[in-house]
Amino acid sequence: MRTRTGGCIMCDIQHEISRLLHFARQKGLIAPEDEVYAANRLLDVLHVEEYVPEEVDETLETATPILENMLDYAADHGLIEGTTDERDLFDTRIMDCVMPRPSEVVQNFKDRYERSPQEATDWYYRLSIASNYIRKTRIDKNIAWKAATEYGDLDVTINLSKPEKDPRDIAKAKLAKSSSYPKCLLCRENEGYAGRVNHPARETHRLIPLDFGGHEWFLQYSPYTYYNEHCIVLNSAHVPMVISRETFENLAAFLEIFPHYFAGSNADLPIVGGSILSHDHYQGGRYTFAMERAAVEQEYRFANYPNVRAGRVKWPMSTLRLTSSDKGALIDLAAKILAAWRTYSDASVEILAETDAPHNTITPIARRRGTDFEFDLVFRNNRTTAEHPLGLFHPHAEVHHIKKENIGLIEVLGLAILPARLKDEMAQVRAELLKGTEDISGVAMLEKHADWYRTLRAAHPAVTEEHVDGILRDAIGAVFLQVLTHAGVFKRDAAGMAAFDRWIESVAGV
């Protein structure tokens with residue numbers, strides 16, 4: 001509800017407070033006994049002197065419409081400058097007024113977990129959306145589709161959930177004092193942190209403690225949720241990423257706690273790490289990726305592990321799948337394969353374990369299949385060359401117009417996270433295709449796509465409005481498949497597959 005006052009538009013803040021309290025009750029963020037307390041906290045944050053409750057009758061999926069009005073009010077009254085960062089910091093502070101304390105969240109989670117692990121995570125995920133910690137309204141703006149390939153339907157997304165920086169925020173960030181608290185975005189100290197111009201607000205952040213073999217870890221959801229129930233599992237200690245036997249033990253422990261989720265880890269080396277390497281963590285969630293559906297195309301036997309089924313996965317990145325109901329044997333074999341891979345070289349396919357630094361590591365993914373535990377071990381190498389200075393097993397230069405960034409766990413699984421710039425660039429490519437333009441190298445925004453565009457034109461000399469979107473999406477999906485192929489250490493040709501078999505044969509007796 002908005003009213004015009006003194007020539008400027010301002011919201012009726014009394015009404016918006018009533019709306020937010022009603023929303024918080026509906027979503028279970030507060031109980032009726034909390035309402036006066038929550039109202040008074042809102043009055044303080046919004047610098048409102050008094051409050052008369054109103055009856056509200058509405059159902060909202062998220063609090064975003066209410067928060068947008070409150071933020072406009074705050075900007076109109078000089079409480080914030082109104083930049084993107086300031087609005088994000090302030091709306092998080094507003095939502096914290098209607099949030100349960102961390103101990104309440106943990107107890108609610110435990111109570112539901114006693115009935116069902118899935119009931120507990122369902123509730124926790126809904127809470128994370130209702131609190132606006134997961135900014136669902138922004139995430140829903142992402143462009144997503146599936147691209148059919150010989151390896152299954154790959155997921156492709158153009159990530160629009162992170163708003164562009166306001167120049168005023170950029171200027172403030174340059175002047176802001178450096179701080180080592182919290183040490184990084186994954187540290188436990190983020191829970192409840194008010195944020196600053198160069199660090200996001202986390203006042204609505206709530207963590208669920210987990211026990212992995214006597215060491216404390218925490219469960220949270222990603223604020224950016226690239227897929228359903230995209231969660232992060234973080235070490236309570238700020239220690240660097242490392243792939244080791246303990247990684248496999250922890251992933252198996254996670255699956256025992258949450259059998260309906262998968263879990264995996266980025267690799268622990270630059271270039272192939274794809275994530276925050278300074279803080280040990282895993283990612284997981286409830287989503288079936290193309291990799292999980294991919295079949296085993298070549299079976300192997302490990303002599304000392306008769307209870308573990310093993311096979312090469314038909315996947316563009318070099319993947320060994322291990323499956324067994326014997327968790328201990330599975331972990332033991334995975335650890336031995338990791339140790340052997342750290343020192344394995346095959347110059348015939350350009351795999352060198354070490355030059356000036358170690359290069360070999362693994363991206364592990366873990367899931368349950370009924371009573372079985374299953375590990376996908378994706379072999380990685382971060383070596384650079386003169387021809388490929390960003391990484392030999394990294395997206396090569398010819399695909400950088402679409403994807404230049406590191407290939408981390410999520411991409412390995414078959415989900416492309418593409419930069420927001422592609423939305424406008426592809427809209428322009430679309431227009432040029434429909435016009436029949438032969439060459440776009442003279443268009444500044446599109447120059448990087450010129451070679452790719454020529455290939456598209458040759459394949460589709462007559463493009464119609466009806467088919468152009470499908471052509472572009474299929475073509476982008478094909479580039480993502482090429483990206484994954486570049487990142488595969490054993491190529492999908494006869495020489496590469498023979499080299500993969502030699503590698504497994506070298507460790508078959510471990």
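Where is S131 found? In this predicted model, S131 is found in the loop between helices α6 (117-130) and α7 (136-139); helices are DSSP runs of H or I with at least four residues, numbered from the N terminus. Residues are numbered from 1 along each chain as its sequence is written, and side-chain values use heavy atoms, without hydrogens and water. Local features need a pLDDT of at least 70 and side-chain atom pairs count only at pLDDT 80 or more, whereas totals for chains, interfaces and linings use all residues.

**Surroundings of S131**
- S131 is buried, with a relative accessible area of 1%; buried means under 20%, exposed over 50% and partly exposed in between (1.4 Å probe, protein chains only).
- A polar atom of the S131 side chain lies 3.1 Å from the backbone oxygen of S128.
- Leaving out residues up to four places away in sequence, S131 touches L29, M95, M99 and T204, where contact means heavy atoms within 4.5 Å.

**Domains**
- The protein chain is divided into domain 1 (13-138) and domain 2 (182-223 + 226-393 + 493-507), with bounds from an automatic or database domain assignment.
- The centres of domain 1 and domain 2, taken over C-alpha atoms, are 36 Å apart.
- In the contacts between them, 26 residues of domain 1 meet 30 residues of domain 2.
- About 2300 Å² is buried between domain 1 and domain 2, and carbon and sulfur atoms give 62% of this area; buried area is the accessible area (1.4 Å probe) that two parts lose on being put together, summed over both.

**Nonpolar cores**
- Of the 98 residues in the largest nonpolar core, L219, F254, F302, L322, F375 and F490 touch the most other members; such a core is a set of buried Ala, Val, Leu, Ile, Met, Phe, Trp, Tyr and Cys residues joined through side-chain atoms within 4.5 Å.
- Helix α11 (residues 327-342) gives the largest share of this core, nine residues.
- Domain 1 and domain 2 each supply at least three residues to this core.
- Apart from this core lies another, of 50 residues, among them V156, M317, L409 and A487.

**Helix α14**
- The buried residues of α14 (residues 450-459) are A450, W452, Y453, L456 and R457.
- These residues are on the same side of α14 because they cover an arc of only 155° around the axis, taken from the directions from the helix axis to the C-beta atoms.
- The buried residues of α14 pack against α13 (421-435) and α15 (468-487).
- Exposed residues D451, T455, A458 and A459 lie on the face of α14 turned away from its buried side.

Terms used: Helix = DSSP H or I, 4+ residues; strand = E, 2+ residues; numbered from the N terminus. Polar contact = N/O pair within 3.5 Å; in protein donor to acceptor, adjacent residues only side chain to side chain.
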